[in-house]
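Open the model in your viewer and keep the selection tool at hand. The stops below are meant to be taken in order.

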Amino acid sequence: MTSLSRRHALAVAAAAGAGALTAPGVASAASPSPRSHRPAPTISREVFGQVDGVAVYRYTLTAVSGLTVKILTYGGIVQSVQVPDGRGRPVDIALGFATLDDYVAHNSPEAGGGVYFGALIGRYANRIANGTFTLDGATYQVPVNNNGNALHGGTVGFDKKIWTPTVEHGHDSVGLRLEYVSPDGEMGFPGTLTTQATYTLDNSDRLTLAFRATTDKATVVNLTNHTYWNLAGESSGDVYGQLLHLNADRYTPVDATQIPTGERLPVRATPMDFTRPTAIGARVARADPQLLTGTGYDLNWAVNGGGGKPTLAARAVDPRSGRTLTMWTTQPGIQFYSGNFLTGALVGTGNSAYRQGYGFALETQNFPDAPNHPDFPSSVLRPGQVYRHTTVFGLATSRL
């Protein structure tokens, strides 16, 4: 067996064992480790630019392993996730831009990009059919920005806001809490929504993202993060050889405008079956109606047992480097997007053009268009209730 074949086999075996990483281990992801006597992760801040005269900061969170995460107060964007290679050199595994101007100019459909690299998404992640929903007898209209539908909160979503930062220190972790208050009526949504998104990095190489939101009027909420991953490195080429396991036996098919039909269909015997570790590119070119609609993978999977306690949702492996990304979430769905609309027009942090399939996104969230589907998990938030959503990204930096 060649060295590469052996690495591939080991990576498959590692991904197949992902189910052994269970929710109880996730619950303590942001908690101090009683066995740890190592220094706590560090956090630093620098000015990254201005938007409309308001300063934007970049925070750098660094674990003792060398894992480094850079986050902007503009859009709550994860600009980069750097992991050390076998020689200790940093490899960036998240797609992003080098400058704030690039994010402002290219990170949304209205700006001609529509990629949302690394951004916090809200008030409603994914799509709302025709931008319209009815709540308590009143009909609300969100500006449409994608095939006649509202995508990721409308034309000016949370990805374009400057969030207020607060640094948090733990015994074995460091965190950045970002807050944004969305006024009643913003993008057509009812209620003043106060949202906190806290990124926490610990010395077990886990990045935890915890959302908390409250409202003063009944509204709908669906929040997520839109980081694009390439475990071989953001400038390394396409991700089609990287392996993906989704802990999901069903998915929600869509119509020609990518709005869910309301069904939850089995993935078995379809290109949507990632219940076993499968190369992302193994079936992406099949003439399946769902893949043709999204020009590749751009669908929501129903996480097995999801919607409550942290549950294993996905694991991705790069066979060459052995790097892995394991995700747990409290949300019922995960949107897998295979970077179909990257055209080569955008240049990333490594000064390489991002082409189709150069990164993939795994967005933990409620189901798309849930406000218009009573059988989907409810996205309604009322006064006195608290929206909570936690996703843990486990990043294995060791090499096979």
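The tour goes from a sheet to a strand, then to a loop residue, a cavity and a pocket.

This is a predicted model, in which local features need pLDDT of at least 70 and side-chain atom pairs count only at pLDDT 80 or more, while totals for chains, interfaces and linings use all residues. Residues are numbered from 1 along each chain as its sequence is written, and side-chain values use heavy atoms, with hydrogens and water left out.

**Stop 1**

Select the nine strands of the open sheet, in the order 11-12-13-14-30-24-23-18-21, with antiparallel pairing. Its edge strands, strand 11 (164-169) and strand 21 (278-279), each pair on one side only. Strands (E, at least two residues) and helices (H or I, at least four) are DSSP runs numbered from the N terminus; two strands pair if DSSP finds at least two bridges between them.

Now select residues 243-246, strand 18, and residues 311-317, strand 23: four bridges join these antiparallel strands. Leu243 of this pair has Val317 in strand 23 as its bridge partner.

Move to Thr278, in strand 21. Is Thr278 buried or exposed? Thr278 counts as buried because its relative accessibility is 14%; buried means under 20% relative accessible area, exposed over 50%, and partly exposed in between, with a 1.4 Å probe and protein chains only. The side chain of Thr278 reaches the backbone oxygen of Arg276 at 2.8 Å. Leaving aside neighbours within four places in sequence, Thr278 is in contact with Gln242, Leu243, Leu244, Asp273 and Arg283, where contact means heavy atoms within 4.5 Å.

**Stop 2: strand 28**

Select residues 360-365. Six of the six residues of strand 28 are buried, so the strand is largely enclosed by the rest of the structure. Phe360, Leu362 and Thr364 point one way, and Ala361, Glu363 and Gln365 the other way.

**Stop 3: Ile93**

Select Ile93, in the loop between strand 5 (90-92) and helix 3 (100-106). Ile93 has a relative accessible area of 2% and is buried. Not counting residues up to four places away in sequence, Ile93 touches several residues, among them Val83, Tyr228, Trp229, Arg323 and Leu395. The C-alpha atoms of Ile93 and Val83 are separated by 7.4 Å, the two residues being 10 apart along the chain.

**Stop 4: the largest cavity**

On a 1 Å grid over the protein atoms alone, a cavity is a set of points where a 1.4 Å probe fits but cannot get out; a pocket is an open set with protein on both sides within 12 Å along at least five of seven lines, and lining residues have an atom within 4 Å of a point. Grid points are joined across faces, edges and corners, and a volume is the space filled by probe spheres set on the points.

The largest cavity holds about 60 Å³ of space. Select its lining, which includes Leu209, Trp229, Leu362, Thr364 and His389. Strand 30 gives the largest share of this lining, three residues.

**Stop 5: the second largest pocket**

About 240 Å³ of space lies in the second largest pocket. Of its 17 lining residues, select Gln331, Asn366, Ser378, Tyr387 and Arg388, which lie nearest its centre. Strand 29 (380-381) and strand 30 (387-396) each supply at least two residues of this lining.

How values were computed: A polar contact is a pair of N or O atoms within 3.5 Å; within protein, one must be able to donate a hydrogen and the other to accept it, and residues adjacent in sequence count only if both atoms are side-chain atoms.
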